[in-house]
Amino acid sequence: MASSAIARILASTPARLRAWQVGTVVLAVVVGLLSALGVARHQADLREARLAADSLLRVQEIRVAAVSADSLASRAYLEGGQESAEARAAYAAAIETAAGGLVAVSEQLPAADAAALTTAGADVGRYVGLVEQARANNRQGFPVGAAYQRQANGVLSGSILPALATVEQRTRAAINARLDAAAGNRLWVILPAVAALAAVVAASRWLARRFHRQVNVPLAGAGLVMVVAALLVVVGLTSSLDRATAAVGDDLAAADRVAQARAAAFDARSQEGLTLINRGNGAANEAAWQRSSATVGAVLSAACESPEPAPPTPAAECQVRQIYDAYVLAHQQMRNTDDAGDWDQAVTSTLAPATESALTRSFDEFDAAARSLIGQQAGAARHGLGASLDWLGALRILALIGGLLAALLAGRGFGQRLAEYR
Amino acid sequence: MSRRDTRRRPLGVALAIAVVALGGCAADRHLADPVQATVATTPTTAPAAQPECTAAQAAEDPRRSYDPLASLPAPGKMPAGSTMAAIQRRGRLIAGVSGDTLLFGARNPISGAIEGFDIDMVKAVARAIFGADGDQRIEYRVITYAQRLPKLEAGADHGGVDLVAHTMTINCRRWLRIAFSGEYFTAGQKVLVNRSASFRSIDDLEADPAARVCAPEGSTNIDEIRNADKYPRLNADGGTRIVAKPDITDCLVAMQQGDAEAITGDDTVLAGFAAQDPNTAVVGERFTDEPYGLGIAKNRVDFVRFVNAVLEQLRTSGGWADSYRHWLLDTGALTGTVPAPPVPIYGRSA
């Protein structure tokens with residue numbers, strides 16, 4: 001019987017001492033390793049979260065670039081052959097940002113998302129082709145150009161934007177999942193440390209009973225080292241997690257909201273142009289404007305009405321919302337002009353530069369304010385997530401050193417008693 | 001405290017530490033799902049049931065309009081109390097037109113002006129009311145096919161229009177809701193195909209099992225080709241060879257992209273397509289008759305008679321022929337010579 005064989009081996013006190021010595025030393029080393037592993041997992045989770053956050057911000061930049069290209073294309077269509085070189089260059093730049101961004105961000109996304117973005121990239125090519133067809137027909141005065149422009153917008157809103165929205169949503173879920181996983185990593189430190197502490201306490205009690213001494217100092221030191229190391233590592237991990245969750249829950253969430261609002265606003269601006277292009281037949285486009293515009297309001301209102309005001313973010317988002325409201329008012333005035341039969345004046349106010357048109361001015365101001373706020377919040381989120389990874393390497397070494405030091409002390413504690421038998 | 005309790009203490013402490021340590025993540029700092037605003041849509045009331053013509057009404061030639069005025073009043077001197085006097089007082093004629101039917105009613109993207117054969121008819125009416133500067137006194141409202149009758153029923157002073165010039169077919173059912181001028185153009189359903197294709201009529205398309213024909217959903221054009229008695233092969237296999245699009249212009253896009261071999265529609269509209277795409281041609285004979293009339297509110301009989309007198313003058317003065325030549329022959333949309341204008345039928349009793 002194995003148990004009786006073990007009992008025979010452990011019959012003598014030195015044998016038991018040696019067994020306790022080996023057991024506590026191994027346990028201390030294992031505790032150190034598991035703690036270090038917990039820190040490594042935490043590090044990996046936060047790195048993944050940081051990468052996913054970066055992907056989310058980049059996909060949103062692509063979405064904004066794509067819808068802004070469409071808004072420029074629909075306004076250029078209204079200008080007919082009078083399209084300015086600057087407007088053309090702005091459109092080309094937006095398309096370049098979208099197409100180039102799709103390729104770049106695909107490389108840092110999971111395979112399924114990368115495949116979705118590759119399809120979206122092909123759709124951007126199709127979109128550009130349709131816009132060119134619309135433009136060529138329009139320059140010759142052929143009304144069929146408007147149908148191509150509608151179709152191009154259909155490719156954007158029916159294929160490209162849903163693909164980007166799906167990837168964005170999966171990336172948000174990945175960030176949330178990584179933060180949840182990171183929160184659980186502290187158990188890798190706590191549970192082994194508790195088990196080891198229990199073993200040290202049991203060993204101390206056995207020693208105390210067997211050798212009639214109050215305290216085995218090295219063994220008590222091992223326990224103390226393990227407790228201190230575990231506490232330091234848990235505090236370090238908790239602080240790192242707090243920085244990461246703040247970066248995600250405050251800064252990234254704000255950047256996410258404002259980017260959604262900005263994309264919806266550009267979509268509204270596109271629909272505004274299409275309503276005028278489809279002249280009299282634009283009811284569906286005006287309905288789409290209403291939907292997109294309501295999304296801008298809802299996204300930014302959620303921040304304005306946040307129950308926990310944490311300045312300056314909500315205040316800044318509310319300010320962006322107020323600027324958008326000015327654009328909504330100018331849009332309504334333009335719609336009233338068109339509905340009253342003055343299409344030419346409505347087109348003029350849509351196409352006129354910011355210095356001459358309240359409509360253009362208010363939209364440009366909204367865009368500038370939203371872009372600046374997204375930049376600030378995205379910068380803060382990237383910084384916060386980067387800072388959450390600071391010191392984690394040192395923490396891992398601390399966990400290992402703590403385990404080794406505890407092992408050394410435990411070995412010495414039993415070694416002192418063993419020496420009495422030599 | 002018993003020994004048993006003492007042994008439990010480390011476990012309890014550990015659990016307490018775990019709870020405290022993990023408690024930090026209890027507050028929800030996750031990224032929220034994107035907000036999708038919903039817009040309250042006004043419930044769409046089902047369109048009122050279309051009135052049907054009685055047998056007696058259906059028996060009458062729908063082209064029959066009210067007699068033209070014996071003589072036109074001098075421009076700027078419309079008879080007091082007439083519809084024309086009200087328009088003159090307002091200072092502008094409000095016309096419902098198409099914005100994308102090339103040759104009939106379309107915006108010229110270079111000049112920004114709306115122009116075409118239908119627009120010439122509106123200009124003639126405006127000049128008869130206001131005089132030489134009548135062209136500048138027209139307020140164009142670009143409207144959809146579906147808006148043509150409702151805009152007339154609403155009236156120009158309530159967001160509607162005085163007159164509709166929008167390739168509108170005169171028929172009995174529409175007479176129940178609005179009034180028409182005499183026929184000013186005779187159109188008919190035809191097909192548009194690629195010049196390189198061998199199709200020369202709707203029957204050729206019917207016979208070829210690979211030919212797909214596009215038409216706008218909800219149009220009389222698509223109703224015609226969905227008639228399985230007339231076109232059994234086109235309607236075989238669930239009618240998959242009939243390509244329905246929201247707008248007839250989308251059919252031109254479909255044809256240019258190779259998703260359809262032909263488009264069927266009024267020859268007037270198809271002529272505009274042929275002008276936009278020189279690789280296409282309108283072929284075959286008309287297989288339906290579509291007499292076009294200018295639409296006017298049902299109770300404005302005086303205005304119908306006035307417009308009929310204007311159209312009479314246009315026919316006899318050569319203005320009609322000039323417009324036909326300018327929009328349909330000079331553009332290369334149609335070939336041949338200017339035909340005789342359609343002969344209007346009068347004698348409808350108010």
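This is a predicted model: local features need pLDDT of at least 70, side-chain atom pairs count only at pLDDT 80 or more; totals for chains, interfaces and linings use all residues.
**Entry 1: a sheet in chain B.** I started with the open sheet in chain B, where three strands line up in the order 3-4-5 with antiparallel pairing. I noted that strand 3 (100-101) and strand 5 (114-115) of chain B stand at the edges, each with a single partner strand, so one side of each has no neighbour in the sheet.

Next I looked up how strand 4 (residues 105-107) of chain B is held to strand 5 of chain B: two bridges join them, and they run antiparallel. Which residue is the bridge partner of Arg107(B) in strand 5 of chain B? I found Ile114(B) there.

**Entry 2: aromatic rings.** I got 24 aromatic pairs over all chains. I picked out Phe104(B) and Tyr292(B), which sit edge-to-face, 6.4 Å centre to centre with 90° between the planes. Phe104(B) is in the loop between strand 3 and strand 4 of chain B, while Tyr292(B) belongs to strand 15 (residues 290-292) of chain B, 188 residues apart. Are these two buried or exposed? Phe104(B) and Tyr292(B) are both buried.

I then checked Phe185(B) and Tyr324(B), a stacked pair at 6.1 Å centre to centre and 20° between the planes. Here strand 9 (residues 185-187) of chain B supplies Phe185(B) and helix 12 (residues 319-329) of chain B supplies Tyr324(B), 139 residues apart.

**Entry 3: charges over rings.** In chain A, Arg417(A) has its charged end over the ring of Phe211(A), 5.9 Å from the centre.

Key: Residues are numbered from 1 along each chain as its sequence is written. Chains are lettered from A and ligands numbered from 1 in the order in which they are written. Side-chain values use heavy atoms; hydrogens and water are left out. Two strands pair if DSSP finds at least two bridges between them. Helices (H or I, at least four residues) and strands (E, at least two) are DSSP runs, numbered from the N terminus. Rings of Phe, Tyr and Trp (its six-membered ring) pair if their centres lie within 6.5 Å; planes under 30 degrees apart count as stacked, over 60 as edge-to-face and the rest as tilted. Buried means under 20% relative accessible area, exposed over 50%, partly exposed in between (1.4 Å probe, protein chains only). A charge sits over a ring if NZ of Lys or CZ of Arg is within 6 Å of the ring centre and within 35 degrees of the ring normal.
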